[in-house]
Amino acid sequence: MNQANQHQQRQQALAPLSRRSSQEEPWDMLIIGGGITGAGIAREAARRGLAVLLIEQKDFAWGTSSRSSKMVHGGLRYIASGDYKTTLLSVRERERMLSEASGLVNEMHYVMPHYKGKFPPPWIFNTLLRIYDGLAGKRYSKYFKKDAFLQLNPHIKQEKFLGASQFSDAVTDDSRLVMRVLDEAINDGAQAINYLKAESLITNEQGLVTGATLKDTSSEDNGKSYDVYAKVVVSATGAWADTLRMQASAQTKQSFHKQIRPSRGSHLVVSQERLPLNQAYTFLHPVDKRAVFVFPWENRTVLGTTDLDHPPLDDNEVGITNEEVDYLLAATNNLFDNVDISRKDVISSWAGVRPLISDSGNGKRVGPSKEKRDHSVWLDNNLVTVSGGKLTTFRLIALDVLKICQQVLAFNEADSKELGSLNTEVFSNQPPTNPKFSTLTPLLQQRLQGFYGLQLDALLELAHDDDLAYVTDSNTIWAEIRFAVRFEQVIHLDDLLLRRTRLGLILPHGAMTPLISDRLKQICQQELGWNEQKWQQEVERYTQLWQCYYHLPAA
């Protein structure tokens, strides 16, 4: 393949901007933000026949949606705080996603150990679990007495141990969930382009938002700008949402009663050999009594999460701090006897910023962990802004956004409120037609169906004979890498290793060991046309980024 491959792919992705960029032929909807919220809105808008353009200033899922705790959950603690509605909606969406996206969203058992004199006592926690199960309409919870639990979990701290309560939620690959939902939107006619930044909003003489000026940020050079017009503009930029909203509200000088409160959540990854788990543990941190988790994910063990106010955001990456590293290690070592996890055991880290909605008008300031997790939608001069909410409820958030959009844009609501966000045809009795599918193990078949949906045949068609092998001890096969660089708008190496796949989070040195990097280089040269100079530039860029933000800060 020639050296112009990536340029050709980029031009192909940008082509819709040239075809449809005039005021006379506006898009129905311009969505700014390529995380799970933006993807969900694009999915619901496209299935209603709207002409939808989604843009993302960095990479798809670059922000919060690739840095969550990977949990699709109802929010057990919301019951305890009295937020029954959020829990009910979240549990129902969790059950929906488990049904629609098996292999991508999977059930995971959680256990809460109970200790004499420590909160919560078993009777209180198990009362909450009965309510939790009632909302789901299924019995998930179970109580283990001391001896029975210790036989299965010998590493847990045993002093004053009473027993453990088990319940179920779900776990996912959040970044792949974004790509799957985006693919569903594109299949219904939406356009999605990464590395396009909304530099400013376009307004008419009445001060109404009619579009945005977009800048191509895919290279270090000054990129081309585009004026894009739309009947309604939706800002789904999460923790960054106030920036555009202030532009739209400038003429009316609105004061924001509810504001975005960025909250950082950080995680550590260690090997299963150092901390072997087959279920998740949830427990209260010995210092501040916050709920924290230790759970299995992608053949590794994850420690998380923190919940701290984060400084005002810019366009840079977010990383874990030394204080957070110590906090998570202390929590884990307090739960398990003779494990002694330390900094040298850490494979990688990640940190994300949650867009909490703070009610600034009530005069009270609570800790980030006590802020509600519901979402808010605002309409300001034809700009619809959405922020807050949970990964689990992205579909409901999208439906609320479309309801607000109907004040500006007329469209047929149709009978699609109860349709799933994901196409479930891929889970019918008709497997992909490519003969390579039958050579895969049932577990890998299920995973790939969940991750790629209707694109799985295309992935298998593209795969070389040796691409069906796993990348060392990960759950990722080489065919996924080849598919991503050919079809999923990979611009930089970190797009591939931190979001399209998670190899940079689960393999030592960010997956930049000779055996792996040599083959990555070969695939990028074949599919993207990267020459030696381009490869070295990307390796240098990625290595510096990984060391600064995805490993550990200097001690």
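Helix axes here are lines fitted to C-alpha atoms over the stretch in contact, and angles run from 0 to 180 degrees between N-to-C directions. Helices (H or I, at least four residues) and strands (E, at least two) are DSSP runs, numbered from the N terminus.

The model is predicted: local features need pLDDT of at least 70, side-chain atom pairs count only at pLDDT 80 or more, and totals for chains, interfaces and linings use all residues. Residues are numbered from 1 along each chain as its sequence is written, and side-chain values use heavy atoms, with hydrogens and water left out.

**Stop 1: α14 and α17**

Select residues 493-500, helix α14, and residues 532-549, helix α17. Their axes come within 8 Å and cross at roughly 45 degrees. The pair is therefore oblique (angles under 35 degrees count as roughly parallel, over 145 as roughly antiparallel, 65 to 115 as roughly perpendicular, the rest as oblique). Now show the side chains in contact (heavy atoms within 4.5 Å). From α14, pick L493, D494, L497 and L498. From α17, pick W535, E538, V539, R541, Y542, L545 and W546. By class, this contact has eight nonpolar, no polar and three charged residues. Ala, Val, Leu, Ile, Met, Phe, Trp, Tyr, Cys and Pro count as nonpolar, Asp, Glu, Lys and Arg as charged, and the others, Gly among them, as polar.

**Stop 2: α2 and α7**

Move to α2 (residues 36-46) and α7 (residues 174-187). The axes lie 8 Å apart, at an angle of about 20 degrees. That angle makes α2 roughly parallel to α7. On the α2 side, select I36, A39, G40, A42, R43 and A46. On the α7 side, select L177, V178, V181, L182, E184 and A185. The tally for this contact is nine nonpolar, one polar and two charged residues.

**Stop 3: K70**

Center on K70, in the loop between β2 (52-55) and β3 (71-72). Is K70 buried or exposed? It counts as buried because its relative accessibility is 0% (buried is under 20% relative accessible area, exposed over 50%, partly exposed in between, with a 1.4 Å probe and protein chains only). Draw a distance from the K70 side chain to S66. A polar atom of that side chain lies 2.8 Å from the backbone oxygen of S66. Then select the contacts of K70 beyond four places in sequence: A170, V171, T172, D174, W297, W350 and R502.

**Stop 4: K215**

Finish at K215, in strand β9 (residues 209-216). With 21% relative accessibility, K215 counts as partly exposed.

Key: A polar contact is a pair of N or O atoms within 3.5 Å; within protein, one must be able to donate a hydrogen and the other to accept it, and residues adjacent in sequence count only if both atoms are side-chain atoms.
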